[in-house]
Amino acid sequence: MRLFLAIILLIGSPFWPFDASILPGDPLIIVNKRINELALIDNGKILMITKVATGKTNDLTPEGVFTITVKAIDPYYRKKNIPGGDPLNPLGSRWIGFDAKGTDGRIFGLHGTNAPSSIGKYLSNGCIRLQKDPLEILYNQVQNGTKIFVTNSTQSFEKLAKEMGAI
């Protein structure tokens, strides 16, 4: 037993880190508001980088590490009572909601748009807009429980992913 404890103290636990929320290989979405781009990291690799639209003002799109809690195909737009699939629906074909600011994943999210020219700009009320194809790829790649890191950074996606523990 003493030998086992000495080995653990010298080389570290095989279960370290005990409290990490993102481990190497875990999927991670990073949104960088500074450049309005999103990266999907999975299995230690950057799988996709795409342009996004974020909040009209810097404080509208919350920053931090959040968890995806809701996914929906053809989401219903409650604010204006527009059914999913309707061309007037500003949410597009998918909703990937996350728990920012203590919400339940139905307020802040990644979603499509019926205004594709908005991508790359600062025009949303806080959500993160994507073009249809990258959104649907992302939707199929991530599950509820996946972490999303929203930041305003000058660092590369690779460096951010390393700092977050995904690479």
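How many salt bridges does the structure hold? The structure holds 6 salt bridges, a salt bridge being a side-chain nitrogen of Lys or Arg within 4 Å of a carboxyl oxygen of Asp or Glu. This is a predicted model, in which local features need pLDDT of at least 70 and side-chain atom pairs count only at pLDDT 80 or more, while totals for chains, interfaces and linings use all residues. Residues are numbered from 1 along each chain as its sequence is written, and side-chain values use heavy atoms, with hydrogens and water left out.

- An open sheet of 8 strands has the order 3-2-1-10-5-6-7-9, with mixed pairing; strands are DSSP runs of E with at least two residues, helices are runs of H or I with at least four, and both are numbered from the N terminus.
- Strand 3 (45-51) and strand 9 (128-129) stand at the edges with a single partner strand each, so one side of each has no neighbour in the sheet.
- Two strands count as paired if DSSP finds at least two bridges between them.
- Strand 5 (residues 64-73) and strand 10 (residues 147-151) run antiparallel and are joined by 4 bridges.
- Thr67 has Lys147 in strand 10 as its bridge partner.

**Helices on the sheet**

- Helix 2 lies across strand 1 (28-32), strand 2 (37-42), strand 3, strand 5, strand 6 and strand 7 (108-111), and runs at about 55° to strand 6.
- Helix 3 lies across strand 1, strand 2, strand 3, strand 5 and strand 10, at about 130° to strand 1.
- Contact here means heavy atoms within 4.5 Å.
- The axes are lines fitted to C-alpha atoms, for helices over the stretch in contact, and the angles run from 0 to 180 degrees between N-to-C directions.

**Salt bridges**

- Arg94 and Glu136 meet through their side chains in a salt bridge (3.7 Å, N to O).
- This pair links distant parts of the chain, with Arg94 in strand 6 (residues 94-98) and Glu136 in helix 2 (residues 132-141), 42 residues apart.
- Arg94 is buried at 15% relative accessible area, and Glu136 is buried at 18%; buried means under 20%, exposed over 50% and partly exposed in between (1.4 Å probe, protein chains only).
- Arg94, Lys132 and Glu136 are linked in a network of salt bridges.
- Glu158 forms a salt bridge with Lys162, with the closest N and O atoms 3.4 Å apart.
- Glu158 and Lys162 are 4 residues apart in helix 3, so about one helical turn separates them.
- Glu158 is partly exposed at 41%, and Lys162 is partly exposed at 45%.
- Asp104 and Arg106 also meet in a salt bridge (3.8 Å, N to O); Asp104 is partly exposed at 46% and Arg106 at 47%.

**Surface patch**

- Ile46, Ile49 and Ile167 make a nonpolar surface patch of about 220 Å².
- Patches are made of residues with over 30% relative accessible area and no salt bridge, joining like charges within 9 Å and nonpolar side chains (Val, Leu, Ile, Met, Phe, Trp, Tyr) within 5 Å.
- Accessible areas come from the Shrake-Rupley method with a 1.4 Å probe, and for residues only the protein chains shown count as cover.
- Ile167 lies in the segment after helix 3 (157-164) and is partly exposed at 31%.

**Positive phi**

- Most residues other than glycine have a negative phi.
- Asn36, not a glycine, has a positive phi of about 50°.
- Asn36 lies in the loop between strand 1 and strand 2 and is buried at 0% relative accessible area.
- Lys101 has a positive phi near 55°.
- Lys101 is found in the loop between strand 6 and strand 7 and is exposed at 59%.
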